[in-house]
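Dear colleague,

I am passing on a structure for you to look at, and below it I have written down what was found. Please keep the structure open while you read, so that you can follow along.

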Amino acid sequence: MKTLYVSDLDGTLLQPDARLSETTVSLLNRAIAEGKMFTVATARTPATVAPILSDVDLRLPAIVITGAAMWNKATGRYSDVRHIAPGTVSELLRIYGETATSSFMFTLDHDMIDIYHLNGKLLPLQQQFMDERIHSPWKTFHIDPEGKDTLPADLSKTILFYTMLPDAKAFSTYNLIKDVPGVKAQYYHDFYGPEIGILETFDSGATKANAVRALAGRVGADRVVCFGDNINDLPMMEVADVAVAVENALPEVKEAADIVIGPNTADSVAKFISSDK
């Protein structure tokens, strides 16, 4: 039986410092060398995925941007890109503008992510987000220092609206965009804490679940095992043959899982893959 193993990164495969431990790297590389099929599915883009996975012999495409694309570590090329329809982008721009929602806007074209910004100067966390990524070869920021909107010339290349906001603002904007036809909106909390809401908007087909299905079919997997810890991992766990939650996962993720293993701090995902038959 050919098994495809797919793991989330933050809170699942990674340590709390957003790095892979030496033990996890060693176990994964040994499993891959033995012929096991492994990849990751993450909300991150290659700007941060590439350094995280630099020591892993990843032979399959990584599912990035929460399923909006796949990315080949060896070539740096993207595939299976899910762009948001231009008319839908225009409707989102109207809502974000009327609510004065400060947000990044991502486009993907010719294997480069370009990032723009809407509605005023960057908020402190948004500034931090940009500062940590501005020198990445995988992203180009187009940010006006005076806070003027910067928009791409071609709206058809849009893949994501992403922002971190005071929680009440994120939630109220989410309620306005979640029913827009053709999009999938996500509102959740992450490492910024409960007072900060993360708001993401993708094409409706951009899910980890759809990407896992496509990849499993491509590699001829008979069985899919998915590992996760957060709300945005639930769709891919639902389509897996075996859904695995780490011990530190949210209660609803553990409830949905077939198996609960140890925490991310104990190399639990890599240990499971190594021992799974």
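This is a predicted model: local features need pLDDT of at least 70, side-chain atom pairs count only at pLDDT 80 or more; totals for chains, interfaces and linings use all residues.

A second salt bridge joins Arg223 to Asp276, where the closest N and O atoms are 2.9 Å apart. Because Arg223 lies in strand S12 (residues 223–228) and Asp276 in the segment after helix H10 (268–275), this pair ties together parts that are 53 residues apart in sequence. Are these two residues, Arg223 and Asp276, buried or exposed? Both of them are buried, which by the cut-off used here means under 20% relative accessible area.

Lys254 and Glu247 also form a salt bridge, with 3.3 Å between the closest N and O atoms. Lys254 has a relative accessible area of 25% and is therefore partly exposed, and the value of 41% for Glu247 makes that residue partly exposed too. Beyond such pairs, there is a network of salt bridges that links Asp8, Lys208 and Asp233.

How many of the residues of S12 are buried? The answer is 6 of the 6, so the strand is largely enclosed by the rest of the structure. From S12, Arg223, Val225 and Phe227 point one way, whereas Val224, Cys226 and Gly228 point the other way.

As for the partners of this strand, S12 pairs in the parallel sense with strand S1 (residues 3–7) over 5 bridges, and in this pairing Thr3 stands opposite Arg223. S12 also pairs with strand S13 (residues 242–245), again in the parallel sense, over 4 bridges, and here Cys226 stands opposite Ala243. To get from S12 to S13, the chain crosses through helix H8 (residues 234–239), and this β-α-β crossover is right-handed.

With best wishes

How values were computed
Residues are numbered from 1 along each chain as its sequence is written. Side-chain values use heavy atoms; hydrogens and water are left out. A salt bridge is a side-chain nitrogen of Lys or Arg within 4 Å of a carboxyl oxygen of Asp or Glu. Helices (H or I, at least four residues) and strands (E, at least two) are DSSP runs, numbered from the N terminus. Buried means under 20% relative accessible area, exposed over 50%, partly exposed in between (1.4 Å probe, protein chains only). Two strands pair if DSSP finds at least two bridges between them. A crossover is right-handed if, with the strands pointing away from the viewer, the path from the first strand over the helix to the second runs clockwise.
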